[in-house]
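These are my notebook entries on one structure, set down in the order in which I looked things up. I begin with the whole chain and then turn to two residues.

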Amino acid sequence: QLQLEESGGGVVQPGGSLRLSCVATRFNLDWYAIGWFRQAPGKANEGIALISSSGDKIEYDDSVRGRFTISRDNDKNTVYLQMNLLKPEDTGLYSCAGGLINDYYGMEGWGPGTPVTVSS
């Protein structure tokens, strides 16, 4: 099975930046679309950024478009999420997962997530 691990979270002030990494520990990522998900306190998990297996198709949720950038390096089995101009509303647990189609739903290989706190 696909297994992923997230890293790079932390505590940051509003307007700051973080770079998250999603690394495959068992499989190569060449076949997989990868999504980044955020679960804010008291809210449901939601997809915020999606990248196709080749990297040629990218989608963002409206809440992060223009501030977050998803990218991938299949040779390193890694997908990144560069987060700029962070807001308190971005606080939550960030996780990644993969799928064989370019869709958030039905993804697998969830890592434990990496927490992000945006606060002054």
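**Entry 1: elements.** I counted zero helices and 10 strands in the protein. For this count, helices (H or I, at least four residues) and strands (E, at least two) are DSSP runs, numbered from the N terminus. From the N terminus on, I read the order of elements as β-β-β-β-β-β-β-β-β-β.

**Entry 2: basis.** I note that this is a predicted model, in which local features need pLDDT of at least 70 and side-chain atom pairs count only at pLDDT 80 or more, while totals for chains, interfaces and linings use all residues. Residues are numbered from 1 along each chain as its sequence is written, and side-chain values use heavy atoms, with hydrogens and water left out.

**Entry 3: overall form.** Along the principal axes, the C-alpha atoms fill a box of roughly 40 × 25 × 25 Å.

Entry 4: Of the contacts (heavy atoms within 4.5 Å) with a separation of 6 or more, 58% are accounted for by residues 24 or more positions apart.

**Entry 5: Thr114.** I located Thr114 in strand 10, residues 114-118. Is Thr114 buried or exposed? Thr114 is buried, because its relative accessible area is 7%. Its side chain reaches the backbone nitrogen of Gly9 at 3.0 Å. Leaving aside neighbours within four places in sequence, I list among the contacts of Thr114 Glu6, Ser7, Gly8, Gly9 and Leu20, together with Gly92, Leu93 and Tyr94.

**Entry 6: Pro14.** I found Pro14 in the loop between strand 2 (10-12) and strand 3 (18-24). Pro14 is partly exposed, with a relative accessible area of 42%. Which residues does Pro14 touch, not counting those up to four places away in sequence? I recorded Leu86, Pro88, Val118, Ser119 and Ser120. I also looked up Lys76, which is 62 residues from Pro14 along the chain; the C-alpha atoms of the two are separated by 31 Å.

Notes
Buried means under 20% relative accessible area, exposed over 50%, partly exposed in between (1.4 Å probe, protein chains only). A polar contact is a pair of N or O atoms within 3.5 Å; within protein, one must be able to donate a hydrogen and the other to accept it, and residues adjacent in sequence count only if both atoms are side-chain atoms.
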